[in-house]
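Hi everyone, and thanks for coming. Please have a look at the structure on the screen, and then I'll walk you through a few places in it.

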Amino acid sequence: MAPEIFFKNISKKYPSGTEALKGVNLEVNKGELFSLLGPNGAGKSTLVKIATTLIKKDSGEFLIGERNPDHDPKSIRQYIGVALQDNELDPSENAESLLRFQGRLFGLSKAQAMQRADELIHTFEIDAERTKKSHTLSGGNKRRLHCALALVHKPRLLFLDEPTTGMDPEARDRFWQTISRLNKKEGVTVFLTTQYLEEADKHATQMAMIMEGAIRYVGSVKNFKQRVNAEKHGTLEESYLAYVKQTQEHEAMFV
Ligand SMILES: Nc1ncnc2c1ncn2[C@@H]1O[C@H](COP(=O)(O)OP(=O)(O)O)[C@@H](O)[C@H]1O
Ligand SMILES: [Mg+2]
């Protein structure tokens, strides 16, 4: 089966001179809940923006749902849903109107768009927020609205860039119940970045580790833990911290 996400040798340098990605190779299979981990500034959001056709790669190739962005960026945008880390919501609109508008953008009829908005408001438990202007929502509710917006057209592949930032533990738990159900019951592939390693530990099966624009590990979460940490029952967070420390010490030997 062809991978759902396929990156080959992707590089990206911003005009400022920052080399955000240095030849990234990565594959994600259909139906996976895949987590991309790495320190701040490692290149995670840059990779998500390239995959979702929001910015352009400098070199390399990639396919999303077997679609090639160089030939058909539009069909990729139809195929995926994306909740970006730094997206703005129109402050003068509310959750309901934004969701309905998004539905119309994706070709739903007025009635369909209203029904879909209702469903997603229910799913993400933002009923109490439905008619509040978006700029008055809490950080966590904004993130939930972003995810709801990403799902309006029922995409089979969902990119979530730090989706739970600003949510309290209970809201995160409810959010994950929703995403987990989409992944397990409906087979939606999820590509996640997160700073909360316990989320990746609990929900992701496959992961990659990116540091300074280069992929350092791709494989199962279980294998990552076993490789880094002799402790059998350690958490992903412990293994991650040990891995970053080992890498930094190793690199310090060569400066
Ligand atoms: N629009 C931009 N212009 C210039 N540099 C950028 C831009 N966006 C990100 N960067 C830089 O590229 C690197 C990777 O950033 P990013 O992909 O946001 O990392 P992450 O999401 O892992 O924190 C960082 O050094 C960041 O400062
Ligand atoms: Mg980021």
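Predicted model: local features only at pLDDT ≥ 70, side-chain atom pairs only at ≥ 80, totals over all residues.

Residues are numbered from 1 along each chain as its sequence is written, chains are lettered from A and ligands numbered from 1 in the order in which they are written, and side-chain values use heavy atoms, with hydrogens and water left out.

Let's start with the metal. Which residues coordinate the magnesium ion, ligand 2? They are Ser45, through OG, and Gln85, through OE1, at 2.1 to 2.2 Å. Donors here are N, O and S atoms within 2.8 Å of the metal (3.2 Å for Na, K and Ca), and water is not among the atoms, so sites may look incomplete. The two residues are 40 apart and link distant parts of the chain: Ser45 sits in helix H1 (residues 44-51), and Gln85 in the loop between strand S5 (80-83) and helix H3 (95-105). Helices (H or I, at least four residues) and strands (E, at least two) are DSSP runs, numbered from the N terminus. Ser45 is buried at 18% relative accessibility, whereas Gln85, at 37%, is partly exposed. Buried means under 20% relative accessible area, exposed over 50%, and partly exposed in between, with a 1.4 Å probe and protein chains only.

Next, the largest pocket. A pocket is an open set of points on a 1 Å grid over the protein atoms alone, where a 1.4 Å probe fits, with protein on both sides within 12 Å along at least five of seven lines; lining residues have an atom within 4 Å of a point. This one is lined by 21 residues, and Val82, Gln102, Leu105, Phe106 and Leu149 lie nearest its centre. Helix H2 (73-79), S5, H3 and helix H5 (139-150) each give two or more residues to the lining, and H3 has the largest share, with 4 residues.

Now turn to helix H8, residues 221-228. Its buried residues are Val221, Phe224, Lys225 and Val228. On the face turned away, you'll find the exposed residues Lys222, Gln226 and Arg227.

Leu157, in strand S6 (residues 157-161), has 0% relative accessibility and counts as buried. Beyond its neighbours within four places in sequence, Leu157 is in contact with residues including Glu4, Ile64, Tyr79 and Val188, where contact means heavy atoms within 4.5 Å. Thr53, in the loop between H1 and strand S4 (59-64), is buried too, at 15%.

To finish, some backbone angles. Most residues other than glycine have a negative phi. Asn9, in strand S1 (residues 5-13), has a positive phi near 55°. Glu125, in the loop between helix H4 (110-123) and H5, has a positive phi of about 50°.
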